[in-house]
Amino acid sequence: MGKKLIITAALCGAGTMKQQNPHVPVTPEEIAADALACAKAGAAVVHFHVRDNEEKNTMETKRFIEVIDLTRKKCAEANVDIVFNLTTSGAKFPEDMRVAHLPILLPEMCSYDPGTMNWANSYVFLNTPAFLERLGTLSQELKIKPELEVFDGGMIGNVDYYLKKGFLKSPLHYQFVLGVPGGMDGNIDSLSFLLPKMQPGSTWSVTGIGRTHMPMMLAGLSEGCDGLRVGLEDNIFMEKGVLATNVSLVERAVNLALAAGREIATAAETREILGLIKQK
Ligand code: ZN
């Protein structure tokens, strides 16, 4: 057995709707229940977005508090440990709001999207230089590890820039999110381009969007990834025409990893691998 594999469950994201897959969790109760179920199935990290009462994406601090407090309570009752990873994306919301939940909830990780792109030809996935400087500084002050979500080739160079300028600190952790139209394709060519450009001593995880979900897991395992991200944020099908659940996606990742000779990392082991600090 080689190094342990970190599985991240990305439960709902900003845009997966119940109309597409009724299993996507959107209420605080549903999100907390899915987080716990995914952790029991083998996910060490849970990546959170939250929704309003109309199922729409929101960055409201109050909602984050509601969801994370409830999840922490359920996990404590069940004696289940997870690493909390909270999103900071949400281009339609004020930058103040995109970081307001961090000092209150003190998760171990937060997303850090190092660049702007046209998301699936529909809107501008906006991450201004000022926001990236601010988020880098804040995450260091709060001892929250930024997960560098790289969607596109230019973003990996931006990571180098923010590291050089001190807004990011080594060792870095990359999450390659491939297959979003507007970003890089979910294929081995993209991964082969990106991997050699990582900073030395970094860790990395990968996810493929939609039909690239499975191929990118296999590619990640073949390249010795530290983590795999799965979940309804990224992909709603197990196979063509068969809707997935978050738990079924985590279980499949566990099985693939075990078949590839990788043991699954616990939340505690993940903290060691990524150098995370549990503050709450
Ligand atoms: Zn996300």
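Student: In β9, which residue is the bridge partner of tyrosine 112?

Tutor: Leucine 148 in β9 is that partner. This is a predicted model, where local features need pLDDT of at least 70, side-chain atom pairs count only at pLDDT 80 or more, and totals for chains, interfaces and linings use all residues. Residues are numbered from 1 along each chain as its sequence is written, and side-chain values use heavy atoms, leaving out hydrogens and water.

Student: What makes β6 and β9 a pair?

Tutor: Two strands pair if DSSP finds at least two bridges between them. Four bridges join β6 (residues 109-112) to β9 (residues 145-150), so they pair. The two run parallel. Strands here are DSSP runs of E, at least two residues, numbered from the N terminus.

Student: In what order do the eight strands close into a barrel?

Tutor: The order is β1-β2-β5-β6-β9-β10-β11-β12, with parallel pairing.

Student: What makes His47, His49 and Glu233 donor residues of the zinc ion?

Tutor: Donors are N, O and S atoms within 2.8 Å of the metal (3.2 Å for Na, K and Ca). His47 (NE2), His49 (NE2) and Glu233 (OE) lie at 2.0 to 2.2 Å, so they qualify. Water is not among the atoms, so the site may look incomplete.

Student: Why is cysteine 38 called buried?

Tutor: Buried means under 20% relative accessible area (exposed is over 50%, partly exposed in between; 1.4 Å probe, protein chains only). Cysteine 38 has 0%, so it counts as buried.
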